[in-house]
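Dear colleague,

My notes on it follow directly after.

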Amino acid sequence: MTAPDPTTAWSKCSVCKKPIPYGGAYLKCVVSTCNRKRFQLYFCSDSCWDAHNPGQNHRNPGYTEHLAPPHA
Ligand SMILES: [Zn+2]
Ligand SMILES: [Zn+2]
């Protein structure tokens, strides 16, 4: 198991820590406390998003789909 390479990955999944590549799809929780500027949560799949829900106690859970920016 090697650490994700910061030069090839845009970010990483907040649940499974898999790298999210540049230009790759990722999910964001719609709840505002999961989107603080200094504490953004990103998810590689809906199952990872699903996994964070019980711990966060969301009243209206949901997610939005996004594309990571292309590699500069
Ligand atoms: Zn994940
Ligand atoms: Zn959340």
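Leaving aside its neighbours within four places in sequence, with which residues is Val15 in contact? In this predicted model, the contacts of Val15 beyond that range are Phe43, Cys48, Ala51 and His52. For one of these, His52, the position along the chain is 37 residues away from Val15, while the two C-alpha atoms are separated by 7.0 Å. Val15 belongs to the loop between E1 and E2. It counts as partly exposed because it has 18 C-beta neighbours inside 10 Å, where 20 or more would be needed for a buried residue.

Lys17 is also found in the loop between strand E1 (9-12) and strand E2 (19-21). Although Lys17 is not a glycine, its phi is positive, at about 65°. Lys17 has 12 C-beta neighbours inside 10 Å and therefore counts as exposed.

Turning to the protein as a whole, the secondary structure consists of one helix and six strands. Read from the N terminus, the order of the elements is β-β-β-β-β-α-β.

As to overall dimensions, the C-alpha trace spans about 35 × 25 × 20 Å along its principal axes. The radius of gyration is 12 Å, which agrees with a compact globule, because a globule of 72 residues would have a value near 11 Å. Of the 72 residues, 19% count as buried. Among contacts between residues at least 6 apart in sequence, 57% join residues at least 24 apart.

With kind regards

Note on methods: Residues are numbered from 1 along each chain as its sequence is written. Chains are lettered from A and ligands numbered from 1 in the order in which they are written. This is a predicted model: local features need pLDDT of at least 70, side-chain atom pairs count only at pLDDT 80 or more; totals for chains, interfaces and linings use all residues. Helices (H or I, at least four residues) and strands (E, at least two) are DSSP runs, numbered from the N terminus. The radius of gyration is taken over C-alpha atoms; the globule rule is 2.2 Å times the number of residues to the power 0.38. Two residues are in contact if their C-beta atoms, placed from the backbone, lie within 7 Å.
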